[in-house]
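Please read it alongside the sequence and the model.

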Amino acid sequence: MAIGRCTKGKTVPTFWSKTLIPTSRQVPGDAEVPSHQLMLRAGFIRKLAAGIYDYLPLGLRSLHKVMAVVRQEMDRTGACEVLLPALQPIELWQQTGRHIDYGENLFVVKDRHDREHALGPTHEEVITSLAGTYIKSYKQLPINLYQIQTKFRDEFRPRFGVLRSREFQMKDGYSFDTTREGLDRSYQVMYDAYCRIFNRCGLQYVVVDAESGEMGGSGSQQFTVLTPTGEDTIFRSDKGNYAANLEKCPTGDRSHDFTGDPTGDLEEIYTPDCPGIDDVRDFFSKSLGSRLKTSNMLKSMVYVASKISDHRDPHHVQDLHYILVVLRGDHDVNEEKLSVEVTKILGEKVSVMLAPEKLAMDDGWALGFVGPHAFVGRTDTTLLVDPDAAQGGFWVAGANKANHHVKHFNWDRDVVDIVSGNKNIVVADLRNAIDGDPSPKNDDGVLKASHGIEVGQVFKLGTKYTESLDATVLDEENNRVPIIMGCYGIGINRIMASVIEQTGGHDENGIIWPASIAPYQILITPIKYEGVIKQTADRLADELETTGCDVLLDDRDERPGVKFKDADLIGIPLRITIGDKALKDGCVEIKPRRASVDTKSQLVPVGDVVKYTVDLLSCL
Ligand code: ATP
Ligand code: MG
């Protein structure tokens, strides 16, 4: 494991005074989460600009160790490493349409000939074009190619330090198979490798079902480290048999009932400048003096479904079909679920997006003030209602007229009865799951929400990219078929930060690294770097390096208190303190950074240090 500095085949310890570890007691103002604060304070990274970081010597060593673990485990599966360019001709992205899907997250640069290039946020296009060039027969498959490389994403909100930066290191791997069964096998091999990688890096993670997002394809799982500061929401059934992320998580069956007596006559209310749910709620309490809960409001949103090919230019959509989506005011639409439902209803793969404003207004939708009864009389629209909204009771909804809402909306009276028998009303799970929802297993399990950080994701991609980039092989029957792909990503920098972020990864004094990815495994702290203490420190450092340990030697002329504080801050798993008193008895003090009952600090005879240390490191 040693990646210590090497002179003629022998690794040597690093001297603190000769490296750059700018520790600081100050908590940086814009660092909100512990990993970000501590990586800055411990001198692992420096912010150059928003979402862009320098890696200093300690940070880079940890990063390299994560890479080494990833590389070893990938190589163990038989995957082969490649290195693909970060600069990618934009035409490649246009061929798959992802220059649109990635939107503003895609960095695009122009060269001196005015040609556009994307700075790769991921590499499906490039690897597919590579595979298509050289893989021609099923006999060359399966194969798995991976790289560890810099990715660029113009994140809407780069934050939390290296957890969400604009330039980061990713391991991205891609499997190529001829059959679905082959893909299933390749996927499983990667899944198992990911478990080994995260275990070795000391991460406590859960695996949850995920949406495949821009990647397309059929199946995906996400490896998530549970921490309250995580940006992702995941749901787990309290029965322990289901877990998924917010984008994916279906709810179990929820009943609906359009019937129910009206709570009053449909009453139109003037609600000036209140297009949003919260605006209307506030208007009710401020101007009308009545308390309105958002759970008593209906949120009606106008979407448009179009063929995927039309979607590239929403102003020229053909066979346009409107989808009026109605949810309870306190719920959020889940666009993945919506897209799946609409595809089911229309019987072909379509793309669904919020209706462009001008188009919708021209077609008579009072955007911002739409109510479910706008559906009545329209033949170009499907009404899609979430079960929680498809209920009797008191409802406030849009009045289908600018600056107006209605009170006492009643499904039966105002829509269902009028259009009775209309097959274009569909009730379906359309919203994001929330804490307390029934588990999709429908076994009385209840979904519980928690927060986490996505450290890796595996996808069964299928033929999305090989079809659009024409990467085909001849199969056993001599038919030309598109190659079936899987893709597998891991955030190298995110692993580092997540290890710190998770429970046990830090305390009030600093970082607590697991030995596997700590920048150094051992920190030798001489109380004063001179005389016999210096001789002992140098000798132990050399011996430990020779056995394969990475050693940092704090040779600074600093007070012990400063050295100990810095030691705790940078979080090296084992500290060997060498002072006069213990040395008189032939001993040094060995203290694990991670405080636990059976590994408190110990006085160890100098002659036993190497064996004691190596044994102890294996359990840190
Ligand atoms: P997120 O949902 O957090 O934006 P993603 O699903 O878009 O991530 P993928 O395309 O699956 O990310 O990329 C693979 C891995 O790369 C992620 O699992 C994550 O660990 C890492 N990653 C993605 N975006 C960033 C980023 N901006 N900064 C650091 N790591 C990232
Ligand atoms: Mg992902």
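Cys587 is buried, with a relative accessible area of 13%, where buried means under 20% relative accessible area, exposed over 50% and partly exposed in between, computed with a 1.4 Å probe on protein chains only. The closest cysteine sulfur to that of Cys587 belongs to Cys549 and is 19 Å away, too far for a bond. Cys619 is likewise in no disulfide, the nearest cysteine sulfur, that of Cys549, being 13 Å away, and Cys619 counts as exposed at 56% relative accessibility. With a disulfide taken as a pair of cysteine sulfur atoms within 2.5 Å, the count comes to 0 disulfides.

This is a predicted model, in which local features need pLDDT of at least 70 and side-chain atom pairs count only at pLDDT 80 or more, while totals for chains, interfaces and linings use all residues. Residues are numbered from 1 along each chain as its sequence is written, chains are lettered from A and ligands numbered from 1 in the order in which they are written, and side-chain values use heavy atoms, with hydrogens and water left out.

The magnesium ion (ligand 2) is coordinated by Glu454 (OE) and Gln457 (OE1), at 1.9 to 2.2 Å. Donors are N, O and S atoms within 2.8 Å of the metal (3.2 Å for Na, K and Ca), and water is not among the atoms, so sites may look incomplete. Glu454 is partly exposed, at a relative accessible area of 22%, whereas Gln457 counts as buried at 10%.

The sheet to consider next is open and has 5 strands in the order β19-β17-β18-β20-β23, with mixed pairing; strands (E, at least two residues) and helices (H or I, at least four) are DSSP runs numbered from the N terminus, and two strands pair if DSSP finds at least two bridges between them. At the edges stand β19 (350–354) and β23 (425–427), each with a single partner strand, so one side of each is left without a neighbour in the sheet. From one strand to the next the twist averages 30°, the axes being lines fitted to C-alpha atoms, for helices over the stretch in contact, with angles from 0 to 180 degrees between N-to-C directions. Helix α9 (residues 335–346) lies across β17 (298–307), β18 (321–328), β19, β20 and β23, and runs at about 130° to β19.

Strand β20 pairs in the parallel sense with β18 over 5 bridges, and 3 bridges join β20 to β23, also in parallel. The bridge partners include the following.

| Residue | Partner |
|---|---|
| Leu324 | Leu383 in β20 |
| Leu384 | Val426 in β23 |

Of the 5 residues of β20, 5 are buried; Thr381, Leu383 and Val385 point one way from the strand, and Thr382 and Leu384 the other way.

Thr381 lies in β20 (residues 381–385) and counts as buried at 0% relative accessibility. The side chain of Thr381 makes polar contacts with the side chains of Asp380 at 2.7 Å and Arg378 at 3.4 Å, a polar contact being a pair of N or O atoms within 3.5 Å; within protein, one must be able to donate a hydrogen and the other to accept it, and residues adjacent in sequence count only if both atoms are side-chain atoms. Leaving aside neighbours within four places in sequence, Thr381 is in contact (heavy atoms within 4.5 Å) with His321, Tyr322, Leu324, Trp365, Phe375 and Asn424.
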